[in-house]
Amino acid sequence: MAETASQHLALPLGLLELCALLGPPRDSLRGLEQVAQRRGTQSLPCLDPEVLSVFAPPFVSREDGPPASAGYGTLSKAKRRSFRKKREKAKAEPNKGLLEGPRGPDAEDVSVPNGVDLLALPQLCFPGGLTVASEPKEDCIHFLVLTDVCGNRTHGVVAQYYRPLHDEHCFYNGQPHRESPWPAASAAGCFVPFAVCVVSRFPYYSALRDCLSCLLVHLKLCKDFEVDNHIKNFAAKLSLIPSPPPGPLHLVFNMKPLQVVFPSRADPESPVIDLDLHLPLLCFRPEKVLQVLTCLLTEQRIVFFSASWALLTLVAECFLVYLHPLRWQHTFVPVLSGQMLDFLMAPTSFLMGCHLSHFDEVSKEADGLVLVNIDAGSVTSSSDEDVDVPDIPLLAAQTFVQRVQSLQLHRELDCAHLGASTDLNEGRARRRAWQQRLNSQIQRLTLQLLVSVFREVKNHLNYEHRVFNSEEFLKTRAPSDQRFYKQVLETYMFHSFLKARLSRRMDAFAQLDLSTQSEEDRIGEMLVSPRRPTIGKMASRKRSPQRTAHRRMVVSMPNLQDIAPELPPRNASLREDTTGGRSRGSSSVLDVSPRPPHTFKIPEVHFPLVSQCVQAYYCDCVALLSKAMGGLAPDDSVLLARHLYLRGLVRLMQGQLLDALLDFQSLCKTDLRIFPADLVRRTVQSMAGPLRAEAESRPELRRLISEVLEQPGEAPKADDRVKHFELPSKHMGPDEFMRRVQESGIVRDVNIISRLFEALTVGQQKLIDPETFKDFYTCWKETEAEAQEASLPASVLAHLDKSECVYKLSRSVKTSRGVGKIAMTQKRLFLLTEGKPGYMDIATFRDLEEVRSTTVAVLFLRVPTLKIKTTSKKEVFEANLKSECDLWHLMVKEMWAGKTLADDHKDPQYIQQALTHVLLMDAVVGALQSPGAIYAASKLAHFDRMRSEMPTAVPKTTAETLRHKINPSAGETVPQAVDVLLYTPGHLDPAEKVGDAHPKLWCALHQGKVVVFDASSWTIHQHCVRVGASKLNCMALVEQSQVWVGSEDSVIYIINIHSMSCNKQLTDHRASVTGLVVPDGPEAPSQVYSCSMDGTVLVWNVGTLRVTSRVQLPGGSLSAISLHGGCLWCCTGNSIVVVSGCLRQELKIDGGFQDRSTSFVAFQLIPEQAQLWAVCSGYDDIYVWGLEDLARPPGRVHLPDCSEVHCMIRVKRQIWVGGTGLSQGRPKGKIYVIDAERQTLEKELVAHADTVRTLCSAEGRYVLSGSGGEEGKIAIWTVE
């Protein structure tokens, strides 16, 4: 069925924007040969080029018969723009009907896509001028970048070729006056240049160069009057080629004699790369490459020079690819003709290119330019004025240089062992594969450079309020790097980079940053305590004198170019250095050889180009795509998605709109990243009424249509501003103070900030003045900076753990063990003795028995003294801390209390919060500088006060069973409820990293947020995987590679375990998805059962992601399902339904329950004992039915002090039940462990401060419980 959508058969996402033929005007050729003969061959005239023909899609309409548009028309000669005032020329008189096509002289001008300036195009296609030659010249190709007023770029490839001049009648008047072949033309002695320009939205420089090379073969053999037809057919072919979707599928088109490959971009965020990225590395030393990158990062006014017009664009584009994902947002004109040199006088940042012959002129006439000579490999500045270009950070620069020198830039060495290719296209394929590997390595090392330069930016971001604390970031930079960062931080490029970071975009930068994080950094991100260098980092700094020089020796720091002689010469050896220094991970390029891409060969285009031929071409495309899809492996969803995308495009052009929408809808199940939402929306809006009604009558399309049409007016645009932190100028109440503290990056937890507000407003009105805030902020940052620069002797470092940090250091004081400074880490107190620096242990916080603040008599004075008694030593430690005594007394007691709570609850977060309290106390005392400062600081002694006021001991059974606690809400402003937990065992996929083989814990929080922990170390593996924006109800592991997540928004989201990305959705449910079940056993079919609140159960084929069967239960309220004995057990509100084929058995809540309105909350099947266990809302009993006879009254297991049950799981021979109950008179989250055989209560565990919302088992060895929003933590329990 073919539906009419648009009048013309043109691909909406095609490659071609337009194709133009350019050359000298016809009138200028009259008598040119005679003029040349009179003047001699040495003085042939220069001509003004113009556009002769334009060919733009669409080339054919749906109606049969002759084409509706011949693809070219009459272009009146417009007045030329003067690009250089001092070289203005007299304007030429406009000509009449320069080109008279088949439609006659009255034909309308052809429409030209926006963004292509036809007035400037002739100068760009002949940037060196149009000069008639006395002998044939070699064809040449160069490349253009065209930018419209909105900043949108299109890309051009220009092929220049020469044709012999015979007489004035042979050029493009439609009549073959003379038909002499090309070889006889040499007698003319006059050869005229022409240019064919192809303009595309995509930078397919190599592919379009190959296409034009094939076209030139035909143009040289054709007669003059046939040129237009050849170019028109060529353009028509290109217009029928779709742009490949992002991913591993490249398109191949036979241009005869070449097979032309159109590569796809790696992902939707990446650019199309169809050029040789190693060109700049062949032209410049690595140090010069860094200088150019620095100029781009600081947004200078940059001009490239070369005697090759082609290199100007290619080298400039390579540098812009090096910056990805950062993007150059200023003017980009890589090719300027001689008449356009005035553009270089622009005052704003730009990137332009000129011919090398203009180098001296530009250098003298323009100021403040960075001049990059590609041919000489030099970077200089114009005039005598030095451009302020700083050096890139030294450590990053040296690593980059070493990595570049390890690259193999010469293909001849890699291919020396290969035999010669006897097939042209096979040799080209080998060359492409080699280039693709090298491009991947170059992209990797340039991205590593950017990550090393900007990695620590994230430490100074506040995501909630979108604030970047630039001043504090600059303070953490080495003095020699300050100038670089100050300039970069002011650029548009860095501002866009900040927007992406604050939006938590998982682009190439974020992925590499995450994958190269050290284990120490991963652990550090889980901690809410302030940033301090660990002992391990201190030790590594001592081992790196180069780093010390980098940070300290500012005056003697050499410029980047000055260190070049100390490095090995570029390409001194073309083989990789295999020495130990080059093989280190920091300086070598990792093996990032990409997987060989898959290709799809586009069918031949048949001529003449009429509707029937185009439809036949589209039918061939659909048939080939369908055949290719049939040959794919069932689980190869990535390639399937690309074929579906292409088939949807082609079907759209066929007019088969419903089939096209079905293909696009299938992308939800294969790869949602490439879903063309805007195209689908426009397609739906263009549908006629009956067709739209037919589409909406199909369930699989109804949801798609509603979603794409709701998007234009959905929610208001998200705030993407970037704010810089500023100190307040007005008095602040609690809310404003909380916002300011969070923006400053000091602390995010709202409860801690509330206590800080109370501390700073003790004894005054509840407002904080700007001066107090400034003093507090300054004290905090000064203490933080001192800690960053702290250095301990190696003899001291040897006594401390690598993960310890020194958080507080006293002044030099007299103690019972000598004179020195008292140091506090998160684990201990120790004395840093004076004289010969040494380590003397005072106490670990776990061993403390008593801490007192007192006074001792020294001569006639009473000196404040801190006394510390431990359980392991009889001797009491005394320190005459004088004015610091009261503060240290508060801090030590708070750390003691935090350590006690951490040990009792197996929760290291307590010690981290205690550290935050301690450092806030220190800052409060330093800011207030008043007699009441200590009392104010005591408001922050939260854990010490909690221990003294509410001494709640953890029950013995709970303490013995509890193993550990983790906090998935670490770093958030408030705790978040844990809605679902899923444990996935570790396994090693040969294609993945070893780190991905570790077991994982998946934790579903609010608004579709999933946090992933490495279950081998309980550190965060992935901070956030977004799956929609609604509450998540269930998760399941499917085939060891996927996690399926059921959401309140009726969608099942599929997360790839290896990539940690969610690119697939199943949208067949119409209500909240409440349960997911995967059949057990090695012989179980590859299926997944899902249920939704409306009573629907769907059975999915995992390979195809299609629904294979459906069960609809009446009444709805379906909350859980289970499989047993070939039957499906369904929990539906007040009944449990057993479905076996067409037979159904129902277990209803009957008169045995006092409250008939209650409902089942959860159930468990125990096949070995043929029992069904269930809990009901509002009851503190578990009901047990025998499976042989569900009509018999159930047995009961009482849950003491239980007020509510939320979840229940089976672990070995035990049933674990989670909910809310009373403990010491207070409601707590409780877990009841029941022996399933004896039906007796074994343990009653006080699990959380809030209700237990979810439970999951980890290989039968551990049980994990998640709490509600008041606590928001996960507890790990040992299973006996």
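You're looking at a predicted model, where local features need pLDDT of at least 70 and side-chain atom pairs count only at pLDDT 80 or more, while totals for chains, interfaces and linings use all residues. Residues are numbered from 1 along each chain as its sequence is written, and side-chain values use heavy atoms, with hydrogens and water left out.

Now switch to cartoon. You'll find 35 helices and 54 strands (DSSP runs numbered from the N terminus: helices are H or I, at least four residues; strands are E, at least two).

Next, select residues 140-147 and 153-164. These are strands β5 and β6, which pair in the antiparallel sense over eight bridges (pairing takes at least two DSSP bridges). Click Leu146: its bridge partner in β6 is Thr154. Five residues sit between the two strands of this hairpin, and Gly151 takes a positive phi near 90°.

Time to go inside. The largest nonpolar core has 197 residues, and Leu238 and Phe262 are among those touching the most other members (a core is a set of buried Ala, Val, Leu, Ile, Met, Phe, Trp, Tyr and Cys residues joined through side-chain atoms within 4.5 Å; buried means under 20% relative accessible area, with a 1.4 Å probe and protein chains only). Select 309-322 for helix α8, which gives this core the most, 11 residues.

What does Leu238 touch, not counting residues up to four places away in sequence? Its partners are Leu15, Leu16, Val198, Leu208, Cys211, Met255 and Phe262 (heavy atoms within 4.5 Å).

Last stop: another core of 67 residues lies apart from that one, including Ala843 and Tyr910.

How values were computed
Buried means under 20% relative accessible area, exposed over 50%, partly exposed in between (1.4 Å probe, protein chains only).
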